[in-house]
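Hello,

Here is the structure I promised to pass on to you. My notes on it follow below.

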Amino acid sequence: MHADTECAFAPDSALVQVAAEMFAMLSDPTRLQIILALRDGELSVNHLADIVDKSPASVSQHLARLRLSKMVAARQDGTRVFYRLANEHARRLAIDAIFQAEHSVGDSPAHHHDSHPSRAGMSAR
């Protein structure tokens with residue numbers, strides 16, 4: 001199915017502004033890294049900080065913004081908090097942004113090749 005037929009909202013939908021805010025949320029490289037790190041499951045702030053090579057305080061600030069936008073959710077276990085993607089759409093946005101970036105830097109994006117690791121389990125684009 002073509003992507004345009006999956007969305008019935010008109011260009012003048014009130015959700016266009018909110019969608020633009022979602023893109024703004026993902027315009028920060030650290031937040032995009034956090035979304036990509038969470039695509040396989042929940043992680044603690046410290047683990048995320050190690051993955052994105054930022055301080056736990058910085059990662060916590062980014063996570064707070066992502067929580068406000070409802071892209072991530074949290075679960076507390078004692079004194080530790082674990083974060084996960086709130087839904088599949090945040091994961092899909094981040095992956096599609098990376099795929100689009102591949103188009104910007106090369107003529108033959110790796111994601112168009114069946115042997116590319118990110119293609120596992122995905123239908124052809």
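Counting a salt bridge as a side-chain nitrogen of Lys or Arg within 4 Å of a carboxyl oxygen of Asp or Glu, the total comes to 3 salt bridges. Please keep in mind that this is a predicted model, where local features need pLDDT of at least 70, side-chain atom pairs count only at pLDDT 80 or more, and totals for chains, interfaces and linings use all residues. Residues are numbered from 1 along each chain as its sequence is written, and side-chain values use heavy atoms, with hydrogens and water left out.

Helices here are DSSP runs of H or I with at least four residues, and strands are runs of E with at least two, numbered from the N terminus.

Helix α5 (residues 88-105) holds Glu 88 and Arg 91, 3 residues apart, or about one helical turn; their closest N and O atoms are 3.2 Å apart in a salt bridge. Arg 92 and Asp 96 also both lie in helix α5, 4 residues apart, and form a salt bridge with closest N and O atoms 2.8 Å apart.

Finally, have a look at His 62 in helix α4 (residues 56-68). His 62 counts as buried at 13% relative accessibility (buried is under 20% relative accessible area, exposed over 50%, partly exposed in between, with a 1.4 Å probe and protein chains only).

Best wishes
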